[in-house]
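This report describes the fold of one protein chain, from its overall composition to selected residues. The sequence and the structure are shown first.

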Amino acid sequence: MELEPGREGEGTGGSSPRRSPPPSATRGIPMNDKTVSVVGLGDMGTALADALLAAGHRVTVWNRTAARAEPLVARGASRAETAADAIVASQLVVICLLDYDSVSQVLVPHTDVLAGRTLVNLTNGTPGQAREMAAWAADHGADYLDGGIMAVPPMIATPEAFVLYSGPSGTFETWQPVLDAFGESRYLGDDAGAAALQDLALLAGMYGVIAGSLHALALVRSTGGSTREFAPLLSKWLQGVVTWPLAAAEQIDAGDYGEDVVSNLGMQTAGFANHFIAAEEQGISAELLLPVYQLMQRRVADGRGHEDIVGVIELLKR
């Protein structure tokens, strides 16, 4: 991602004159920590702003489509006319947009008002993008935390929600009491890319479960069976799988995939072929399962059939 200048887009009221941060926002003279700005009011950004309002914060909001702010304004938020106004309004600026290009388009035209602010970017992205954004923010005098929200909007501010953060520890400690309004705050260290990396890692695990579950439901539906009746059994089965990463991580860190193997890779690979035969019989595609099967076959061909399936991870190295 390159941080190139871009338009603010609709709802900004056109271009605005550049301005300097007010004295109360300069580094070392903190503004009221009850004042927070939220930039980006999609479903998630709106949920974040709502959580801050519920926690008693004075919230300033901005969105390219200005109408998105109206329900929040009705609940007590202040509407900023431009992104620059939102940045100036608070020392803590929470950003939740579609992608890092969108973040760039919003922030780059307003580098003159960033000094002394803390940017908390909760936009989904990659570790490299997060590190680049952190360096860019530092060049313009802003502190920066990157974050990964492990929740859907209705979960925000509930015990089930947690948010990953990475960046300077002092910055996180300063703002954690505010950030805790979103859910449990988990700090991962100074590397700005750490939150994005673990965010994507968790999502990868989730999508793997979704892929397998979709295949399972397609297989049941192919017989005219009720997926609604089958789903509780599938859910019960998957409950037994949720602890699998704990044991797998022990093997991976030890680099030993051949000790205490209960079901070896060779046997599992032979049985895995039945998924494709059954899919052909039932007239469905098994393409969601194909990548893992191909890796299993390669590992067996490498003479590792006696090991645990966890050893397939070695084929993912580049």
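How many helices and how many strands are there in the protein? The model, which is predicted, contains eleven helices and eight strands.

**Overall composition**

The protein has 318 residues, of which 42% are buried. Among the contacts with a separation of 6 or more, 66% are between residues 24 or more positions apart.

**The sheet**

The eight strands form an open sheet with mixed pairing, in the order β3-β2-β1-β4-β5-β6-β7-β8. Its edge strands are β3 (78-79) and β8 (184-187), each of which pairs on one side only.

Within this sheet, strand β4 (residues 92-95) and strand β5 (residues 118-121) run parallel and are joined by four bridges. I95 has N121 in β5 as its bridge partner, and V94 stands opposite V120 of β5.

| Helix | Strands touched | Angle between directions |
|---|---|---|
| α4 (residues 100-107) | β1 (35-39), β2 (58-62), β4, β5 and β6 (143-150) | about 155 degrees with β5 |
| α5 (residues 127-139) | β5 and β6 | about 150 degrees with β6 |

Is β5 covered on both faces or open on one? Both faces are covered: T118 and V120 are buried on one side, and L119 and N121 are buried on the other. In a regular strand, side chains alternate between the two faces of the sheet.

D85 belongs to helix α3 (residues 83-89). Its relative accessible area is 24%, so D85 is classed as partly exposed, since the buried class requires under 20%. Between D85 and W62 the C-alpha to C-alpha distance is 8.5 Å, although the two are 23 residues apart in sequence.

Y207 is located in helix α7 (residues 194-221). Which residues make a nonpolar surface patch with Y207? The patch is made by M206, Y207, I210, L214 and L288, and has an area of about 480 Å².

Terms used:
Residues numbered from 1 in each chain as written. Predicted model: local features only at pLDDT ≥ 70, side-chain atom pairs only at ≥ 80, totals over all residues. Heavy atoms only, no water. Patch = residues over 30% accessible without salt bridge, like charges linked within 9 Å, V, L, I, M, F, W, Y side chains within 5 Å. Areas by Shrake-Rupley, 256 points an atom, 1.4 Å probe, with all protein chains shown as cover. Salt bridge = Lys/Arg side-chain N within 4 Å of Asp/Glu carboxyl O. Helix = DSSP H or I, 4+ residues; strand = E, 2+ residues; numbered from the N terminus. Pairing = 2+ DSSP bridges. Contact = heavy atoms within 4.5 Å. Axes fitted to C-alpha atoms, helices over the stretch in contact; angles between N-to-C directions. Buried < 20%, exposed > 50% of the residue type's maximum accessible area, 1.4 Å probe, protein only.
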